[in-house]
Amino acid sequence: MNQDEIIKQGTKIYSRPRLMDDRNMHYCPGCSHGVVHKLVSEIIDELGLEDSTIGIAPVGCAVFAYHYIDVDWIEASHGRAPAVATAVKRLDPSRMVFTYQGDGDLAAIGTAETIHAANRGENIAMIFINNGIYGMTGGQMAPTTLEGMKTATTPYGRRVDLNGYPLNITPLLAQLPGTCYVTRQAVHTAASVRKCKAAIKKAFQAALAGRGTAVVEVVSTCNSGWKMSPAKANEWMEDNMFKAYPLGDLKPLE
């Protein structure tokens with residue numbers, strides 16, 4: 001019995017999302033990016049937005065989203081994804097436009113673009129992968145690196161007196177009048193994956209309906225940058241990242 005016959009009989013089985021390209025992923029084992037890619041692919045397909053979605057991929061690990069999700073993409077300069085998304089959406093308001101950004105992109109070099117796009121209430125969705133480190137370039141400290149967290153550039157741990165405090169940007173975005181929905185999710189368990197998918201779908205629907213800027217932060221692991229196994233990275237995230245970045249809606253959609 002082939003897969004199509006099984007599906008016709010009502011038995012749910014796992015399958016690759018239709019909009020995910022059939023290629024091996026380059027992400028490190030245990031990386032959260034692949035899970036979020038799967039969710040985005042499923043949501044675009046379920047909402048029937050395959051031909052009207054434009055994703056904006058910047059620099060960093062997040063840039064490779066265009067390798068795996070079969071929709072139209074534009075690559076932006078480092079940090080400029082919200083600015084590019086603004087232009088695309090204003091030129092063609094019928095499009096579903098979203099950015100897919102890491103913490104170094106959205107909350108460091110792109111802080112101004114992120115805040116001002118959200119403050120203007122651009123009708124876009126922002127997916128924000130927060131793993132507290134620069135994963136692609138060698139594991140350096142990021143804006144969201146926790147106090148005391150060891151990275152390639154803070155080998156003895158982040159010091160507030162030297163490096164400043166971690167930048168908790170999502171609550172800042174929630175305070176802006178232009179944001180319609182701001183939430184923080186994760187994908188480390190089956191239950192969290194379901195909640196994250198519902199959040200991303202809600203964000204896409206809100207942006208498409210012209211409600212303003214929707215932001216979904218996904219608190220994630222970088223087990224290679226953290227120098228941990230995938231299982232240990234998940235445990236560390238639960239014990240440390242979730243205390244600094246607690247999950248849940250920061251600005252519910254009304």
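Trainee: Buried or exposed: which holds for Lys-197 and Glu-42?
Mentor: Lys-197 is buried, and Glu-42 is buried as well. Buried stands for under 20% relative accessible area, exposed for over 50%, and partly exposed for what lies in between, with a 1.4 Å probe and protein chains only. The model is predicted: local features need pLDDT of at least 70, side-chain atom pairs count only at pLDDT 80 or more, and totals for chains, interfaces and linings use all residues. Residues are numbered from 1 along each chain as its sequence is written, and side-chain values rest on heavy atoms, leaving out hydrogens and water.

Trainee: What do the side chains of Lys-197 and Glu-42 form?
Mentor: They meet in a salt bridge, at 3.0 Å from N to O. Lys-197 belongs to helix α9 and Glu-42 to helix α2 (residues 33-46), so the pair ties together parts that are 155 residues apart in sequence. The criterion for a salt bridge is a side-chain nitrogen of Lys or Arg within 4 Å of a carboxyl oxygen of Asp or Glu. Helices (H or I, at least four residues) and strands (E, at least two) are DSSP runs, numbered from the N terminus.

Trainee: Which residues are linked in a network with that pair?
Mentor: The network of salt bridges links Lys-38, Glu-42, Glu-46, Lys-197 and Lys-201.

Trainee: And how many salt bridges does the count come to?
Mentor: The count is 14. One of them joins Glu-217 and Arg-184, again with 3.0 Å from N to O. Here Glu-217 is in strand β8 and Arg-184 in strand β7, so parts that are 33 residues apart in sequence are tied together. Both residues are buried.

Trainee: What about Arg-120, which residue does it form a salt bridge with?
Mentor: Its partner is Glu-122, and the closest N and O atoms are 2.6 Å apart. Arg-120 is partly exposed, at a relative accessible area of 45%, whereas Glu-122 is buried at 5%.

Trainee: Changing topic to the sheet: what is the order of its strands?
Mentor: The sheet is open, with seven strands in the order β2-β1-β3-β4-β8-β7-β9 and mixed pairing. At the edges stand β2 (72-75) and β9 (248-251); each has a single partner strand, so one side of each is left without a neighbour in the sheet. On average, neighbouring strands are turned by 20° against each other, direction ignored. Strands count as paired if DSSP finds at least two bridges between them.

Trainee: In which sense do β1 and β3 pair?
Mentor: Strand β1 (residues 53-57) and strand β3 (residues 96-102) pair in the parallel sense, over four bridges. Gly-55 stands opposite Phe-98 in β3.

Trainee: Which strands do α4 and α9 lie across?
Mentor: Helix α4 (residues 81-91) lies across β1, β2, β3 and β4 (125-130), at about 175° to β3. Helix α9 (residues 190-208) lies across β3, β4, β7 (179-186) and β8 (213-219), at about 165° to β7. Axes are lines fitted to C-alpha atoms, for helices over the stretch in contact, and angles run from 0 to 180 degrees between N-to-C directions. Contact requires heavy atoms within 4.5 Å.

Trainee: Which residues of α4 are buried, and what do they pack against?
Mentor: Ala-81, Pro-82, Ala-85, Thr-86, Val-88 and Lys-89 are buried in α4. The buried residues of α4 pack against β1, β2, β3, α6 (111-120), β4 and α9.

Trainee: At what angle do the axes of α4 and α6 cross?
Mentor: They cross at roughly 35° and come within 8 Å.

Trainee: Last topic, the aromatics: how many pairs does the structure hold?
Mentor: There are four aromatic pairs. Among them is the tilted pair of Tyr-27 and Tyr-68, with 5.7 Å centre to centre and 50° between the planes. Rings of Phe, Tyr and Trp (its six-membered ring) pair if their centres lie within 6.5 Å; planes under 30 degrees apart count as stacked, over 60 as edge-to-face and the rest as tilted. Tyr-27 and Tyr-68 are both buried. Phe-98 and Phe-204 also form a tilted pair, at 5.2 Å centre to centre and 35° between the planes. Phe-98 lies in strand β3 and Phe-204 in helix α9, so this pair ties together parts that are 106 residues apart in sequence.

Trainee: Which residues form a cluster with Phe-98?
Mentor: Trp-73, Phe-98 and Phe-204 form one aromatic cluster. Phe-98 is buried, with a relative accessible area of 0%, and Phe-204 counts as buried at 1%.
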